Amino acid sequence: MSKFWSPGVDSLTPYVPGEQPRQRMIKLNTNENPYPPSDRVERVLREFSCEQLRRYPDPESLALRDSLASAYNVTREQVFVGNGSDEVLAFAFRAFFLRDGEALSIPEHTYSFYPVYCQLYGIDLQKVALNERWEVPLEHFPEKGHAGIAFANPNAPTGHAHSRQAIRALLERQRERVVLIDEAYYGFGSESAVPLINEYHNLLVTGTFSKSRSLAGMRLGFAIGSRELIEGLERIKDSFNSYPIDPLASAVGIAALEDTRHYDECCRAIMATREGTAQALRELDIEVLPSQANFLFVRPRRKEAASVAASLRASGILVRHFAAPGLADWLRISIGTEAEMTALVTALATAP
Ligand SMILES: *Cc1c(COP(=O)(O)O)cnc(C)c1O
C-alpha cells in the first residue's frame, strides 16, 4: 500500500508465474520446451546486425505477420502479433470483453491470467464448472447476455482439448460476442480452430512461440481472427505501445516458422515422452488425465500433492502445484526430455 498508488492498485491480485530457479534444477513447472530452438534461430542470432537497433522497428510488424499468415494459411490482415501471448490476451480482454452489465464467461479452471486481466480492467466474470472428466463443458457457456467467452484449448492445467468439430458447434450458438480460444498448447496433438476464422468473424485464436517453438525467452505471441477483430486489437496496441516486437524477435520468429521439420520432430518426441510418462505414473498409483498438451495433470493417490511437490523439489525437480480450491490435490508436470522424465519417475518411486 502506498499513498502514491492510484485507487485499486493495492487490491490487485497479480498473476504469479512459475518459479525460475537460480540453481540448476530439472524444470517441469512452467511448460517450457526441453529442446532448443531451430538451428535457423541460432544463425539469425549470430548474424544479426547491431546497426538495426539504431532505428525503431516496423510498428506493423509486417514481415513477421506475413510469415505467420503463410504458416497458418490466412492473410496478413487476419494476424496480430505481440510481446508474448500474455500481451495479446491483455489487449484482447480490453478490446472485446469490457462491456457494461455483462460478464465474461470462462471455465472455473483455466489459465489463471484471465481473472487477473478481468480484475485489472474491471471486467465482470462468470465461471463455468468443468465436467466430471475435467473437460470444459462447451454446452454450458451462456448464449446471450454475456460479454464473451474465453478458454484455453488444450485447456490448462488439465490438458484436455476439444475437436474443431466441437468448437464449430459452440460457434454456431455464439453469434453476438467474441469467442477467444487460447491455443498456447497447440502442436502437441490438438486441432486448431484457425481454419474456422473465415466463417466465424467473432472467433479469435491466440497462439505463442513459447511452448511448441521453444522461444519462451523471446516473448512472441499472436492472434488470428477476422480483420474486424484484428483491427480492434491494433487500436488497443497503438494506444499502449507502438513497437511491441523488436527486430531481433521478429527475425527469430520468422526463422522459427521456416523450420517446421525441427519443430515437428520436437513435438513428436514430447508427445511420445508424455505417453510413456503417463503410463509410468499410473503404475505408481497416480491418477493421470489424458493430455494433448506438453504437460500432464496428475493426482497422487497415496500422498498429498503439496508434499509430493516439496519432496520433488528437495530432489532437484520442480513441478507446479496450485494451492487454488479444487486443484490442491493435483500437480501439473511439464514434459521434459526422456532423461528428465525418467529422473522424475525414479524420484517419485523412491520418495519416502
Ligand atoms: C504459456 C501460456 C500463455 C502465455 O504465453 P506467452 O506467449 O509466453 O506469454 C498463454 N496462455 C496459456 C494457456 C499458457 O499456458
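Guide: Domain bounds come from an automatic or database domain assignment. By that assignment the chain is divided into domain 1 (11–36 + 261–350) and domain 2 (39–258). This is a predicted model, in which local features need pLDDT of at least 70 and side-chain atom pairs count only at pLDDT 80 or more, while totals for chains, interfaces and linings use all residues. Residues are numbered from 1 along each chain as its sequence is written, and side-chain values use heavy atoms, with hydrogens and water left out.

Visitor: What separates the centres of domain 1 and domain 2?

Guide: A distance of 24 Å, taken over C-alpha atoms. The contact between them (contact means heavy atoms within 4.5 Å) takes 30 residues from domain 1 and 28 residues from domain 2.

Visitor: What makes a set of residues a nonpolar core?

Guide: Its members must be buried Ala, Val, Leu, Ile, Met, Phe, Trp, Tyr or Cys residues, joined through side-chain atoms within 4.5 Å. Buried means under 20% relative accessible area, exposed over 50%, and partly exposed in between (1.4 Å probe, protein chains only). The largest core has 48 residues, and L64, L68, F151, L203 and F209 touch the most other members. Helix α7 (residues 247–258) gives the largest share, six residues. Helices (H or I, at least four residues) and strands (E, at least two) are DSSP runs, numbered from the N terminus. Domain 1 and domain 2 each supply at least three residues to this core.

Visitor: Which residues does F151 contact, leaving aside neighbours within four places in sequence?

Guide: Among them are P107, Y114, L138, F141, I167, L180 and D182. There is also a second, separate core of 28 residues, including F96, I106, C118 and L233.

Visitor: Why is helix α3 called largely enclosed?

Guide: Nine of its twelve residues are buried, so the rest of the structure largely encloses α3. The buried ones are S85, E87, V88, L89, A90, F91, A92, F93 and F96.

Visitor: How do you know how the span of α3 (residues 85–96) compares with the expected value?

Guide: The expected span of a helix is 1.5 Å times one less than its number of residues. Helix α3 has twelve residues and reaches 16 Å from its first C-alpha to its last, close to the 16 Å expected.

Visitor: Where do the buried residues of α9 sit around the axis?

Guide: In helix α9 (residues 305–314) the buried residues are A305, V308, A309 and L312. They cover an arc of only 100° around the axis, so they lie on the same side of α9. The arc is that of the directions from the helix axis to the C-beta atoms. Their cover includes β10 (295–300), β11 (317–321), β12 (331–334) and α10 (338–350). Just after α9, G316 takes a positive phi of about 85°.

Visitor: Why is N155 called buried?

Guide: Its relative accessibility is 1%, and the cut-off is under 20%. N155 is found in the loop between β5 (146–152) and α5 (164–172).

Visitor: What does the side chain of N155 reach?

Guide: The backbone oxygen of H109, at 2.9 Å.

Visitor: Is R274 buried or exposed?

Guide: Buried, with a relative accessible area of 6%. R274 is in helix α8 (residues 260–283). The side chain of R274 reaches the backbone oxygen of S291 at 3.2 Å. A polar atom of that side chain also lies 2.9 Å from the backbone oxygen of A293.

Visitor: Why is K27 called partly exposed?

Guide: K27 has 22% relative accessibility, which is between the 20% and 50% cut-offs. K27 is in strand β1 (residues 26–28). The side chain of K27 makes polar contacts with the side chain of Q20 (2.6 Å) and with that of E32 (2.6 Å).

Visitor: What makes E143 partly exposed?

Guide: Its relative accessible area is 40%, again between 20% and 50%. E143 is in the loop between β4 (124–128) and β5. Not counting residues up to four places away in sequence, E143 touches R173 and Q174.

Definitions and conventions. A polar contact is a pair of N or O atoms within 3.5 Å; within protein, one must be able to donate a hydrogen and the other to accept it, and residues adjacent in sequence count only if both atoms are side-chain atoms.
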